[in-house]
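Subject: Structure for you to look at

Hello,

Please open the structure below and keep it in view while you read. My notes on what was found follow it.

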Amino acid sequence: MIALPDFFSRLLDEPRYLVRALVAAAVLVFCLVKYLQSRREAKGEYYTEAEMESFDAAAQEALGPCGCVMHEKVSPDIHVDILMIPPGEHCPFYTLCTMGVGAHRMNVPPVDEQKLKDGEYLPDFRPLVFPGWDRVELMMYLPAEWVPLWMKEDATGEEKDNSYWPILWMKHFARFMVHSGTWYAFGHTLNPEEDLGYDKEYCAFVLASPLPDCTRPGFTLKAGDKDVSVLQLVPLTEKEYLSALQGKPTEWVKEFLPGTPEEMREFLAERVQRMGVVPRKS
C-alpha cells in the first residue's frame, strides 16, 4: 500500500480540512475564470488610423469645421473621442459628435420578414435599412454660448460638471449599446433611468438625424470603407417619453419633431437651453 503524505492523510482523516481545500480550489477556479473573461472583454473594437482620419474628414465636411477633439485616454472596449464643432455658418449650435463608436457592429434584428415574438409581430424596420444602419456614432447639439469649462483652470467644480454633462451621457450611451448587445436606430428612445444633468424636466432622449432634415433616417458618414449612421440625441420630457413608447418609432419621431430646418433650429435652441448644460450666470 502506498503511503500518502501527511497533508493528504489529514485531508482524508479530517473532513473540515477537505472542505477548506475544496473551497480554496473553488475560489481559485472562480478567480481564473474571471481573469480569462476580463482578458477576452479587454479586446476592444477600434477604428484604424485611416478610418479615424476618414471619419474626421467626413464629419467636418458634413457638420462643420472641428474646433478640437476630446481624445479618450483609456479605452478598454471602444474608443470614444468627441469632435467639438463650434457654431458657424453651417449650424447655429455647438455640435458634439462621437468618433470611434462605429467600429462596433451592432446586433441588429433580421428585416427580411416580419417575425413573431410572444404572439406579436416585431416592428417593421425595413424603412430603416440602408448601408451603415448597423454601425452608429452619436451626436448632440448645444447652445452657441456653451463653453467646455472643464478645460479652464478657474472654473468651479459645479461649472465643470455642468458643462461636461453631455460628454458623459454620450459616452455612457455608446458603451451601454456595446455591453448590452442592443442596437440604436432612428426613432429609438434612450432612458438612463436617472436624473439628466441639473434639470428634472427631461428624463430621456429620442434618436433623430442631424440638421438640416432631422426627420429623415439614413444620415451616414464614411469611416474608411465602413458606412456609419449618425444619430442625434434629442432630450424628452417624461410625458413625451411615455408618448414615444406608445407609438411606432419612425412615425412618432417624425410627428414630434418640426418639419423645416428653421423650425427645428428654434425647437432645439429652446430645448437645449433648458437642459442645464449651459453654465449658469450669476
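A residue is called buried when its relative accessible area is under 20%, exposed when it is over 50%, and partly exposed in between (1.4 Å probe, protein chains only). Helices (H or I, at least four residues) and strands (E, at least two) are DSSP runs, numbered from the N terminus.

This is a predicted model, in which local features need pLDDT of at least 70 and side-chain atom pairs count only at pLDDT 80 or more, while totals for chains, interfaces and linings use all residues. Residues are numbered from 1 along each chain as its sequence is written, and side-chain values use heavy atoms, with hydrogens and water left out.

The chain as a whole

The protein chain has seven helices and ten strands. Of its 282 residues, 42% are buried. Contact here means heavy atoms within 4.5 Å. Among contacts between residues at least 6 apart in sequence, 68% join residues at least 24 apart.

Helix 5

Start with helix 5 (238–246). Its exposed residues E238, K239 and Q246 are on the other side from the buried ones, which are E240, Y241 and A244. Seen down the axis, the buried residues fall within an arc of 100 degrees, so they line one face of helix 5. The arc is that of the directions from the helix axis to the C-beta atoms. An α-helix has 3.6 residues a turn, so residues three or four places apart point the same way. The cover over the buried residues of helix 5 includes strand 7, strand 8, strand 10, helix 6 and helix 7.

Helix 7

Helix 7 covers residues 261–273, which is 13 residues. The expected span of a helix is 1.5 Å times one less than its number of residues. For helix 7 that gives 18 Å, and its end C-alpha atoms are 18 Å apart, which agrees. Which residues of helix 7 are buried? They are M264, F267, L268, R271 and V272. These cover an arc of only 110 degrees around the axis, which puts them on the same side of helix 7. The face turned away from that side carries the exposed residues E262 and E266. The buried residues of helix 7 pack against strand 6 (136–142), strand 8 (202–208), strand 10 (226–237), helix 5 and helix 6 (249–256).

Helix 3

The 15 residues of helix 3 (residues 49–63) should span 21 Å, and the end C-alpha atoms are 21 Å apart, which agrees. Buried in helix 3 are E51, F55, A58, A59 and L63. Their arc is within 105 degrees, so they line one face of helix 3. The face turned away from the buried side carries E49, A50, E53 and E61, which are exposed. Strand 2 (81–85), strand 3 (94–99), strand 6, strand 9 and strand 10 are among the elements that cover the buried residues of helix 3. After helix 3 comes G64, with a positive phi near 125 degrees.

V206 lies in strand 8. Is V206 buried or exposed? At 0% relative accessibility, V206 counts as buried. Leaving aside neighbours within four places in sequence, the contacts of V206 include H188, L233, W252 and F256. P212 is in the loop between strand 8 and strand 9 (220–223). The peptide bond joining L211 and P212 is cis, with omega about 10 degrees.

Pocket and cavities

Rolling a probe the size of a water molecule over the atoms shows where empty space is left. On a 1 Å grid over the protein atoms alone, a cavity is a set of points where a 1.4 Å probe fits but cannot get out; a pocket is an open set with protein on both sides within 12 Å along at least five of seven lines; lining residues have an atom within 4 Å of a point. Grid points are joined across faces, edges and corners, and a volume is the space filled by probe spheres set on the points.

The largest pocket holds about 270 Å³ of space. Its lining includes F176, W183, H188, A244 and P249. Strand 7 (189–190) and helix 5 each supply at least two residues of that lining.

There are two cavities of 30 Å³ or more. The second largest cavity has a volume of about 40 Å³. Among the residues that line the second largest cavity are L128, W133, Y184 and S229.

Regards
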